[in-house]
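Thanks for making time this morning.

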Amino acid sequence: MNQREEFADEAVLRGIEQSLPLALLKAREVAMSQFRPMLRAHKLTEQQWRVIRVLAAFPNIDASEIVERSYLLAPSLTRILQYLEGQKLVARSADEADLRFAYFRLTNKGEKLFARVAPDSELIYQRISEAYGQQKLDKLYQLLASFSELELDTA
């Protein structure tokens with residue numbers, strides 16, 4: 001009998017209130033419930049805003065880097081970039097050395113949209129900080145960053 005089989009024989013699944021994935025999803029929903037109305041007022045989806053934020057912070061990056069920084073799946077990103085390009089918020093430019101490779105950046109219109117939305121977003125962060133406490137929020141960021149670096153054996 002291997003270690004997994006031994007554990008399965010004696011294990012009782014922890015209570016749902018101790019489910020890490022569910023706790024993280026609940027915390028995300030609490031946070032996003034603060035941002036969604038503001039994004040709707042600007043006619044943006046959460047995913048569109050994530051892409052715009054990434055491009056504002058990292059101009060002229062390729063799609064794979066946008067995927068990595070925005071935590072979107074590649075097929076979703078493709079649709080979002082097509083929409084944002086259609087709205088003239090994002091521009092694509094081909095790599096001169098390899099025309100199959102493209103870089104993305106915000107257009108002037110995209111930069112103006114970012115400049116309109118960013119202050120509203122910061123007001124929400126300020127409200128969260130005031131309600132939760134800046135020290136606790138800073139600690140939460142540290143804990144989440146540390147947890148995100150965790151490498152577990154999946155065998």
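Axes here are lines fitted to C-alpha atoms, for helices over the stretch in contact, and angles run from 0 to 180 degrees between N-to-C directions. The model is predicted, so to speak of local features pLDDT of at least 70 is needed, side-chain atom pairs count only at pLDDT 80 or more, and totals for chains, interfaces and linings use all residues. Residues are numbered from 1 along each chain as its sequence is written, and side-chain values use heavy atoms, with hydrogens and water left out.

Helices (H or I, at least four residues) are DSSP runs numbered from the N terminus. With that in place, the axes of H3 and H6 come within 11 Å and cross at roughly 105°, and the two helices are therefore roughly perpendicular (a word that covers angles of 65 to 115 degrees, while over 145 counts as roughly antiparallel, under 35 as roughly parallel and the rest as oblique). In contact, meaning heavy atoms within 4.5 Å, Trp49, Ile52, Arg53 and Ala56 of H3 meet a set from H6 that includes Leu113, Phe114 and Tyr125.

H3 also packs against H5 (residues 74–86), at an angle of about 75° and with the axes 10 Å apart, which makes this pair roughly perpendicular as well. Here H3 contributes Gln47, Gln48, Val51 and Ile52, and H5 contributes Leu77, Ile80, Leu81, Tyr83 and Leu84.

How do H2 and H6 run relative to each other? Their axes come within 10 Å and cross at roughly 160°, and H2 and H6 are therefore roughly antiparallel. On the H2 side the contact is made by Gln34, Phe35, Met38 and Leu39, and on the H6 side by residues including Val117, Asp120 and Ile128.

Finally, the pocket, which is defined on a 1 Å grid over the protein atoms alone as an open set of points where a 1.4 Å probe fits, with protein on both sides within 12 Å along at least five of seven lines, and whose lining residues have an atom within 4 Å of a point. The largest pocket is lined by 33 residues, and Arg28, Ala31, Met32, Tyr141 and Leu144 lie nearest its centre. H2 supplies the largest share of that lining, 12 residues, while H2, H3, H4, H6 and H7 each supply at least two.
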